[in-house]
Amino acid sequence: MIPAQFTYRRVSSVDEALAAVAEHGDDAKLLAGGQSLLPLMKLRFAAPEVVIDIGPLDELRYVRAEGGEIAIGAMSRYHDLHRDPVLAEHAPLLAHVAGEVGDQQVRHRGTIGGSLVHADPAADLPAAVLAVDGVLVARGPDGERRIPAAEFFQGPFETPLAPEELLTEVRIPAQGGAGWGFEKFTRRSIDWAIVGVVVAGSAVSLINMGGTPLRASATEAALADGASAAEAAALAAEGTSPADEAHATAEYRQHLARVLTERALVSAGR
């Protein structure tokens, strides 16, 4: 439980962070809230030569309503998102999901950007951002680029970010009066979801039903054709490839996906 030796570097601006990752490349890891990286380092599943601490970057902690979108700084912590008045009014789904992550210690340290870049298929926030058709804004030596959430999660712990890029912002559409629902099944309240479901209007995304967060496309198509919540939820596991392991078999996860999808759809008023 002791990390391999590494060099610690603390930065105080986005420009300084970009210069540091450009200098060290693949040998470096960015430290945001530390809720994913530090456990991996203690187990020596990750052994970066340089750890670049971006915790001081308050310039990336904000929530702003901009026209029909909500802009969220990548260093915004779960606790702050859960209590943010702008999210409560314009994007209550994301505020609610942020309040369901882990325990209070995790929520006071973990960041939305860290969760998205870590790209764990069992995490809550990637599926929520996917369900609302979010866009992730990255900055690097060639400037800024925007990546739709549907293209961002490429595999377990895999994203299209280059080593010299930094996720700076998440942009989501304002929900308006769209119904929403969130359900997840865990062994303990602080655990990763065995399976989870996020509903945003007519969009449905699944947690831990494959190597990335997934849209339940068969369910969405059924809803568009006028199916009931129960009829649409019965299709939730189609096209999924959940893990078959000690905590839950693939068959059990598919059952959970159908049950939780129906509950989330009902909560969303479908």
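Modeller: Gladly, and please keep in mind that this is a predicted model. The domain assignment of the protein gives domain 1 (7-53), domain 2 (58-173) and domain 3 (180-268).

Colleague: How many residues does the contact take from domain 1 and from domain 2?

Modeller: The contact draws on 16 residues from domain 1 and 14 residues from domain 2, and the C-alpha centres of these two domains are 19 Å apart.

Colleague: And what area do domain 1 and domain 2 bury between them?

Modeller: Together they bury about 1200 Å², with 69% of it on carbon and sulfur atoms. On the side of domain 1, the residues that lose the most area to domain 2 are V14, L18 and Q35, which together account for 42% of what that side buries.

Colleague: How many salt bridges are found across that interface?

Modeller: The rule finds zero salt bridges between domain 1 and domain 2, while one residue pair is in polar contact across their interface.

Colleague: Which helix gives the most to the side of domain 1 that touches domain 2?

Modeller: That is helix α1 (residues 14-24), which contributes six residues. By class, this side of domain 1 has eight nonpolar, six polar and two charged residues.

Colleague: Changing topic, what does the UniProt annotation say about residues 1-177?

Modeller: The unreviewed UniProt entry annotates residues 1-177 as "domain: FAD-binding PCMH-type". In the model, the chain over residues 1-177 is 34% helix and 23% strand, and its end C-alpha atoms lie 47 Å apart.

Terms used
Residues numbered from 1 in each chain as written. Predicted model: local features only at pLDDT ≥ 70, side-chain atom pairs only at ≥ 80, totals over all residues. Heavy atoms only, no water. Domains from an automatic or database assignment. Contact = heavy atoms within 4.5 Å. Buried area = accessible area lost by both parts, 1.4 Å probe. Salt bridge = Lys/Arg side-chain N within 4 Å of Asp/Glu carboxyl O. Polar contact = N/O pair within 3.5 Å; in protein donor to acceptor, adjacent residues only side chain to side chain. Helix = DSSP H or I, 4+ residues; strand = E, 2+ residues; numbered from the N terminus. Nonpolar A, V, L, I, M, F, W, Y, C, P; charged D, E, K, R; others polar. UniProt positions renumbered as here; feature names shortened; annotations may be inferred.
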